[in-house]
Amino acid sequence: MSEQIEELKRQGAQQVAQGLRERLARSRRRVDDLLPPQPEGRLSRMVGMTLEAEGIRLPVGGRAAILTIDGRRLAAEVVGFQGERTFLMPEGKLEGLAPGAPIEPLEQRRLIPVGPALLGRVVDALGRPLDGKGPIRTDDWAPIEGRPINPLGRKPISEPLDVGIRALNGLLSIGRGQRVGLFAGSGVGKSVLLGMMTRHTSADVIVVGLIGERGREVNEFIYDILDEEARRRTVVVAVPADQSPLLRQHGAWVATTIAESFRDLGLNVLLLMDSLTRFAQAAREISMAIGEPPATKGYSASVFARLPQLVERAGNGDHGGGSITAFYTVLAEGDDQNDPVVDSARAILDGHVVLSREIAETGRYPAIDIGASVSRVMSAIVAPEHLKAAHRFRHLMSTYMRNRDLIAVGAYRKGADPQLDEAVAMYPRLEAYLAQGRLEKASFEEARRQLFELIGLL
């Protein structure tokens, strides 16, 4: 017995020593990231949200602290420079800044807490808790810039992810690792659809980025749309619209970094970003503030370079690893599907789901326009008979919609067109298939079975 006790003591001592060595290694890495001592700079000019400093030499993306007259240290990030002038964008409110305020460099790498300790928590753009549940206790930290993945090393998209939505599972099947745009105007049910996915998905972990939304909507999404079970496996990154454009932009990076950390643990992650448009608008505000000229409808060229930098971080990891299946909501301002952000997102994503205001006004939810939506990987992840049934459904629906006006004015005569006759006869059942209640779950297998029954393949 004494030998067993001694062996347990020895193993415990080894574990303690290993933990200390790991903590020392992390501390050394953080020390290595510190800049060498630099002279203190001074605030020379402030225009809008842009601060100009002299006397500091920091790289773009570097961080500094500005001392206010009331003793606060306002964190800011370098977003550009011109000659000896350095342009900074603050993370917080500008009250208390004065001419000549001292500026000092900060630790350059921005690290945020990651890992299982974040599950069920709500954090801000700096990884700080917002839910009043105390500090996040974890030894795992990660930079928000992420790590590049060799595109040839990514696992191909080969299996479906059950998102719990009948129309998506059956007609626009989503693959694990796919990146999808959710295009819609305001008030057509984007948040409700995202909430349904968080409730019903088969993903191991859900990461939700609420970027640039109203504070009221953040609260409603967390406590009204999410149920208790969904909250336990969800991490929410909330950056309301009243935050600085720098924090709104960082919120998207932070949500992606958290999703990457779970993917690296071998888990299947569902990343819901609401919205990609607010991220683009924050990038536009920053670029315009430092004098970059607009290129397309007020958006500068750098905005369209940042979109793929964010989106490409999602997807499958290395072979044998986990996945990030991402949905990015894109606001079609004025329901304009040719909005520059909509058009750019459509080109870099693996498919898009269009929510129609016209359909929403008829009372059918989710208001998915099947004819305007597409999943670019569906043919690679479902069986041929499933793909055939989905094409048949879309053909019937498009046939009816093309002749809807003729039917409405009474110009349709039964027997003149057999295909149209079939579409008219089946239209109520097609609509019923697309409709789904907020609390109703439709698994992938159930959605496929109902589709086969509807089309007549069973």
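1. Rings of Phe, Tyr and Trp (its six-membered ring) count as a pair if their centres lie within 6.5 Å; planes under 30 degrees apart are stacked, over 60 edge-to-face, and the rest tilted. By that rule, this predicted model holds four aromatic pairs. One of them is tyrosine 400 with tyrosine 427, stacked at 3.7 Å centre to centre with 10° between the planes. The pair links distant parts of the chain, 27 residues apart: tyrosine 400 is in helix H12 (residues 384-402) and tyrosine 427 in helix H14 (residues 418-434). Both tyrosine 400 and tyrosine 427 are buried (under 20% relative accessible area, 1.4 Å probe, protein chains only).

2. Now the charges over rings (NZ of Lys or CZ of Arg within 6 Å of the ring centre and within 35 degrees of the ring normal). Arginine 284 has its charged end over the ring of tyrosine 299, 4.3 Å from the centre. Arginine 166 lies over the face of tyrosine 433, at 5.9 Å from the ring centre.

3. Check the cis peptide bonds too. Aspartate 274 to serine 275 is cis, with omega near 15°, and serine 275 is in the loop between strand E13 (268-274) and helix H7 (276-289). Tyrosine 365 and proline 366 are also joined by a cis bond, omega about -5°. Helices (H or I, at least four residues) and strands (E, at least two) are DSSP runs, numbered from the N terminus.

4. Housekeeping: residues are numbered from 1 along each chain as its sequence is written, and side-chain values use heavy atoms, without hydrogens and water. Local features need pLDDT of at least 70, side-chain atom pairs count only at pLDDT 80 or more, and totals for chains, interfaces and linings use all residues.

Notes
Buried means under 20% relative accessible area, exposed over 50%, partly exposed in between (1.4 Å probe, protein chains only).
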